[in-house]
Amino acid sequence: MLHHLDGFVGDSKKILDAWDAYSDEHTGLDGWPYDDHAYGLRKSQRDADTVAAFETVRVGARHLLATAEIQLAHLPAHAVRSHWGWQLGVLRDALDRLDALHGEWVQTRESLPAAARPGTPAFDDVLA
C-alpha cells in the first residue's frame, strides 16, 4: 500500500504541476482565464486525472490512515507537529466525503435509463 501511496503522491504532484503551468499560461495577471470553456475543460481533465491516480490507493486508504493515526499516538511528543492530527482528520473527512459522493453516483447511475451511456447527454450531464 505504501508503494501505491508513493505512486499516487508522485502522480498527483505531476498533475498539479501541469495544472499550475497551464493555469499560469491561460490566465491573465488578475487570475481570470482567457477562455472560460477551455479552462473548465482542462480543469475537469485535471480532476479526472487525479481521481484516476487515487484509485490505486482508494482501497487501502482507510487502512493507511488508521495506521498513521496509531503511529502518531505512539510518537514522542517532541517529535510531533501540532497540525498532524488535524491533517489526519481532514484526510478522514475527505475519505468520508468521497465515499458519500461515490454512493450518490452509484445510486444516480443505477436510476438512469438503459440508453444513458458515457458520451450521451443523459449520462454526461449527471456525471458533471
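Q: By about what are K13 and D17, four residues apart in helix α1, separated?
A: This is a predicted model: local features need pLDDT of at least 70, side-chain atom pairs count only at pLDDT 80 or more, and totals for chains, interfaces and linings use all residues. The side chains of K13 and D17 meet in a salt bridge, 3.0 Å from N to O (a side-chain nitrogen of Lys or Arg within 4 Å of a carboxyl oxygen of Asp or Glu). Helices are DSSP runs (H or I, at least four residues), numbered from the N terminus. K13 and D17 are four residues apart in helix α1, so their separation is about one helical turn.

Q: What does D17 count as, given its relative accessibility?
A: Residues are numbered from 1 along each chain as its sequence is written, and side-chain values use heavy atoms, with hydrogens and water left out. Buried means under 20% relative accessible area, exposed over 50%, partly exposed in between (1.4 Å probe, protein chains only). At 38%, D17 therefore counts as partly exposed.

Q: What does D99 count as, given its relative accessibility?
A: R62 has a relative accessible area of 37%, so R62 is partly exposed. D99 stands at 36%, so D99 is partly exposed.

Q: Which residues are linked in a network of salt bridges?
A: Side chains of opposite charge can pair when their charged atoms come close. The structure holds six salt bridges. A network of them links R58, R62, D96 and D99.

Q: Leaving aside neighbours within four places in sequence, which residues is L65 in contact with?
A: L65 belongs to the largest nonpolar core. Contact means heavy atoms within 4.5 Å. Beyond four places in sequence, the contacts of L65 are L88, L91, R92 and L95.

Q: How many charged residues are in the lining of the largest pocket?
A: On a 1 Å grid over the protein atoms alone, a pocket is an open set of points where a 1.4 Å probe fits, with protein on both sides within 12 Å along at least five of seven lines; lining residues have an atom within 4 Å of a point. The largest pocket has 21 lining residues, with L5, L64, L65, L88 and L91 nearest its centre. α1, α2, α3 and α4 each supply at least two of the lining residues. By class (Ala, Val, Leu, Ile, Met, Phe, Trp, Tyr, Cys and Pro nonpolar; Asp, Glu, Lys and Arg charged; the others, Gly among them, polar), the lining has 18 nonpolar, three polar and, for charged, none.

Q: What is the volume of the largest pocket?
A: Grid points are joined across faces, edges and corners, and a volume is the space filled by probe spheres set on the points. For the largest pocket, that gives about 690 Å³.

Q: How many charged residues are in the lining of the second largest pocket?
A: The second largest pocket holds about 570 Å³. Its lining has 17 residues, with V51, L101, H102, W105 and L127 nearest the centre. Ten lining residues are nonpolar, two are polar, and the charged ones number five.

Q: Which element gives the most to the lining of the second largest pocket?
A: α2, α4 and α5 (121-127) each give two or more residues to the lining of the second largest pocket. With seven residues, the element giving the most is α4.

Notes:
A nonpolar core is a set of buried Ala, Val, Leu, Ile, Met, Phe, Trp, Tyr and Cys residues joined through side-chain atoms within 4.5 Å.
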